[in-house]
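Good morning, colleagues. Please take a look at the structure.

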Amino acid sequence: KEKSNLICHNETLYIVELGAGTGKLAFYILKALEEMKHFISGIPYENIVYVITDFTESNISFCEGQTNLKPFVETGKLDFAKFEAVHDTSLTLRISGKTLHRGELKNPLCIISNYLIDTLCNDLFQVENDVLKEGLVSVGVDDSSLNTSADSLDDHEIFNHLANEYKYRPVNTNYYSGSVRCEDEIHYSRILTWYQNYFNTHDKRDFGASLLIPIGFFSALRNLSDLSAGKIFVISGDKGSCNPDNFIGLSDPHIAVHGSFSLMVNFHAVNLYFLSRGGFALNATQEDTALQVNCYVLCGNKSTEDCISTMNGDIEMLNKKRKSQFPSLYHSYEEFINKFSPNDFFVIQKSLKEECVPSLASIVSLIKLSNWDPDIFFKFRDTILSKAPTAGPRLRNDLSHVTSKLWDHYYHLDNDKDIAFELGRLCYGLSLYQDALKYYEISVSIFGEHHVTHHNSGLCHFSLFEFHKASYFFNRALTLNPEYEKSITWLERVTKEMNST
């Protein structure tokens, strides 16, 4: 709305997700866009294309084969590209066959990164007594923690036994001169200068500081912004901090090991990078470091006078000045991130699960607040299933609407979570027998036959007075598990019913 001159209404607007992995986030964003398509202003919905990218072929192939994503592929809303964020400078789309080169995009490029920055390369620095130092790491294996030779470990096991040694040596703020893209040298230098000055103030000089610079993400931003002449909008969710005071103290970085490894993200450095390039940041006010959702904007500005003096002035005032030119974006961010953040939702659902015995009404409200997240339903399924049959008519009616929305938002990943089966059980408890049969059939098609699924289908048909069908499913259950007593009992009962009629 604010900068209509940045948008070409008859050109494609690409949304590129970096490191999309399983494609689950892409699925939810595409569904949200579809639901909003009649209310999107600024660009026609039909001109929006979402691009799933990853650097591994296996992840791209997995997403290409996902049934949930195929409708979006068929309507041209979704494409795929193998993309190594740090080094690749173009995007080749697999469905359309187009290759996006430098300067080709007329519209800004929207970039989404979800727990990506923490896995890209970082540089380590310390500021001690007004001296900027680079951190150098030597990586080895702690033999004392092994029951076997390090040579016999596979790559995955080695991660759990890493022993790193760090040393620090003085450098100057032109550290990156000649080692990065020439157009980025000045931005990197400004960032290092800002930290050296900030941590040399009288109230911080005695403590020193240790910080990471996410150079891998900066490289990805440069490569992608080149496609759209420097016009990008970035949404990033990751663990990290926007507060430079959190970097006070001389210490080695914490490396989290989880099959791979990751680092805390210095979002403040990302702020400085965007400010240096003429952009601005929208930052989460919550200090919780597990998930920070931040937004960044570049409008294609060249280095202007206020950009050049950025690192010597009040960066907060400069950022405020620039984001004030985008009031709708700023308001949306405050409304949907800062007023009630993803962390706030996590705290509520965790407290309902662990700190009290929740009512059925509170769980239904939580599911609605989650935008019909099937994982939330699965976490609370035992309470829901036990309380649904005795719920009042209004709450039962509410639950009947919940089931279809939950399934509409289901994205199949985990073979240990048979959501369709649990929805079938819920519908049976609500006396929605036809709906229950539909979900049991879906369960069989996805997870295969199970004697309990067939038994439950038999119960539905019995409740519908379809005794021959009920008999078939009880027999089917006993074929899979001849000793299943519930089916034996119900088969006897349905046989008597058929004989009596």
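The charged end of which residue sits over the ring of Tyr45? That residue is Lys77, and its charged end lies 4.3 Å from the ring centre. A charge counts as sitting over a ring if NZ of Lys or CZ of Arg is within 6 Å of the ring centre and within 35 degrees of the ring normal. Lys353 is likewise placed over the face of Phe380, at 5.3 Å from the ring centre.

A note on the basis of these values. The model is predicted, so local features need pLDDT of at least 70 and side-chain atom pairs count only at pLDDT 80 or more, while totals for chains, interfaces and linings use all residues. Residues are numbered from 1 along each chain as its sequence is written, and side-chain values use heavy atoms, with hydrogens and water left out.

I turn now to ring pairs. Rings of Phe, Tyr and Trp (its six-membered ring) pair if their centres lie within 6.5 Å; planes under 30 degrees apart are stacked, over 60 edge-to-face, and the rest tilted. By this rule there are 25 aromatic pairs. Trp194 and Tyr198 are stacked, because their ring centres are 4.6 Å apart and their planes at 15°. Trp194 is buried (under 20% relative accessible area; exposed is over 50%, partly exposed in between, with a 1.4 Å probe and protein chains only), at 9%.

Trp407 and Tyr439 form an edge-to-face pair, with centres 6.1 Å apart and planes at 70°. Tyr439 is also buried, at 2% relative accessibility.

Finally, ring pairs join Phe125, Tyr175, Tyr176, Tyr188, Phe218, Tyr273, Phe274 and Tyr296 into a cluster.
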